[in-house]
Amino acid sequence: MVKMKKYINYFLGMVVAVCFASCNDEWKDEQYLQMASFKANVNGQGVTTTYVRYKPGGVVRYELPVLLSGSTMNTDPINVKVALDPDTLAVLNQNEYGHREELYFQQLPSKYYEMPESVDIPAGECSALLSIDFKLSDDLDQADKWVLPLQIVDDSSLGYRANPRKYFRRAMLRLLPFNDYSGTYDASQYLIYFKSDTDEKEPFAVSSQRAFVVDDRTVFIYAGTRDIDYLDRKLYKIYIRFPKADSDSKTLEVWADNEELNFGPYIDKDGNSAYQSNFNMYWEMDELKPYLKKIFITMNLYYEFDDYTTVPGQRLRYKVKGSLSMQRNLNTLIPDEDQQIQW
């Protein structure tokens with residue numbers, strides 16, 4: 001009986017050893033297809049918000065990560081090819097906006113960027129960076145929604161497969177240049193009135209206002225309650241220029257380039273027009289996170305304008321007064337200033 005047990009134990013030991021060796025041999029081989037993907041998180045509209053700092057006449061580099069999946073590291077260098085993807089952009093526009101072409105995302109013209117046709121992932125690595133040089137200039141109107149649509153080329157002869165999932169294989173880069181004053185402002189204290197409302201008891205309000213880049217110290221917003229999803233938004237741009245960095249002035253220069261708006265100063269019920277748009281800007285370090293720098297910007301705006309497109313043949317005069325406020329957080333542990341901002 002004892003001898004039988006020894007044989008059984010010996011047999012079980014052999015089985016375990018064989019299984020263990022088989023498992024080890026199994027993991028020497030690739031368990032999954034090695035698939036190439038972009039690392040580009042999408043928002044609710046199916047695009048990836050791509051912030052790049054505005055530099056007058058300069059080139060700004062954006063690094064888009066390209067990843068290679070699998071259970072083992074690649075033993076040979078892999079060259080991942082990248083191409084434009086206007087077809088997916090067209091489908092995205094149709095799904096998002098239907099027939100309202102004025103709201104479509106626009107493909108970024110080639111003169112505003114340079115990028116290679118491929119990126120090399122070295123042997124033993126699972127990622128690389130695709131370098132895209134954006135060439136920003138004043139004529140790139142941020143009233144349009146610029147997108148650089150990219151896809152990973154799928155070709156089995158290249159030694160990889162493109163990830164079949166839409167948001168991994170493709171990257172719809174929604175370009176948003178920024179300067180020190182652009183961004184989304186809280187508009188809870190930004191009040192819009194009919195000019196006829198002399199007592200100012202029935203204001204219109206919006207929850208937020210976005211300031212878009214024009215140049216390094218100029219932004220624009222949309223007049224009144226309009227935003228980027230209005231078909232006529234380009235007619236209602238209000239420009240705001242901040243003083244030079246070495247100036248002590250707190251005065252804002254505010255104007256419109258569309259004469260149809262009859263843009264002018266805010267005038268109260270007593271005929272007083274001595275309201276000057278101004279701003280305040282300061283910073284402080286966070287008490288709980290000492291590496292976090294918080295910058296606060298408040299714009300106090302006063303102006304009037306005509307809405308001449310809402311009601312055909314009629315002009316509606318509005319007056320606007322109040323403040324727009326924004327807090328921008330910077331992680332000072334990150335050495336690259338452009339990457340410090342926590343959007």
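Analyst: F168 sits in helix α3, which spans residues 166-169; helices (H or I, at least four residues) and strands (E, at least two) are DSSP runs, numbered from the N terminus. This is a predicted model, where local features need pLDDT of at least 70 and side-chain atom pairs count only at pLDDT 80 or more, while totals for chains, interfaces and linings use all residues. Residues are numbered from 1 along each chain as its sequence is written, and side-chain values use heavy atoms, with hydrogens and water left out.

F168 counts as partly exposed because its relative accessible area is 32%. On that scale, buried means under 20% relative accessible area, exposed means over 50%, and partly exposed lies in between, with a 1.4 Å probe and protein chains only. Together with V42 and Y167, F168 makes a nonpolar surface patch of about 240 Å². A patch takes residues with over 30% relative accessible area and no salt bridge, joining like charges within 9 Å and nonpolar side chains (Val, Leu, Ile, Met, Phe, Trp, Tyr) within 5 Å. The accessible areas come from the Shrake-Rupley method with a 1.4 Å probe, and for residues only the protein chains shown count as cover.

Now for the charged side chains. The model holds 22 salt bridges, each being a side-chain nitrogen of Lys or Arg within 4 Å of a carboxyl oxygen of Asp or Glu. One of them pairs K145 with D229, with the closest N and O atoms 2.9 Å apart. It connects distant parts of the chain: K145 is in strand β9 (residues 145-152), whereas D229 is in the loop between β15 (218-222) and β16 (237-241), 84 residues apart.

D154 and R161 meet through their side chains in another salt bridge, at 3.5 Å from N to O. D154 is partly exposed because its relative accessibility is 33%, and R161 is partly exposed at 37%. D154 also has K81 to consider: their C-alpha atoms are 8.2 Å apart in space, although the residues are 73 apart in sequence. K81 belongs to strand β4 (residues 78-84) and is partly exposed, with a relative accessible area of 34%.

R315 bridges to D306, with 3.4 Å between the closest N and O atoms. Here R315 is partly exposed at 40% relative accessibility, and D306 is buried at 7%. Both take part in a network of salt bridges that also links K195, E260, E304 and R317.

On to the empty spaces. Rolling a probe the size of a water molecule over the atoms shows where empty space is left. On a 1 Å grid over the protein atoms alone, a cavity is a set of points where a 1.4 Å probe fits but cannot get out, a pocket is an open set with protein on both sides within 12 Å along at least five of seven lines, and lining residues have an atom within 4 Å of a point. Grid points are joined across faces, edges and corners, and a volume is the space filled by probe spheres set on the points.

The largest pocket holds about 570 Å³ of space. Of its 23 lining residues, T49, Y51, Y62, E63 and Q339 lie nearest the centre. Two or more lining residues come from each of β2 (48-53), β3 (59-68) and α4 (337-340), and β3 has the largest share, with seven. By class, the lining has 11 nonpolar, five polar and seven charged residues; Ala, Val, Leu, Ile, Met, Phe, Trp, Tyr, Cys and Pro count as nonpolar, Asp, Glu, Lys and Arg as charged, and the others, Gly among them, as polar.

The second largest pocket holds about 380 Å³. It is lined by 19 residues, with R174, T184, R210, F212 and I228 closest to its centre. β11 (170-178) and β14 (208-215) each give two or more residues to this lining, and β14 gives the most, with four.

Finally, one cavity of 30 Å³ or more is counted, and the largest cavity has a volume of about 40 Å³. Its lining includes Y51, R210, F212 and W343. β14 supplies the largest share of this lining, four residues, and by class there are eight nonpolar, two polar and one charged.
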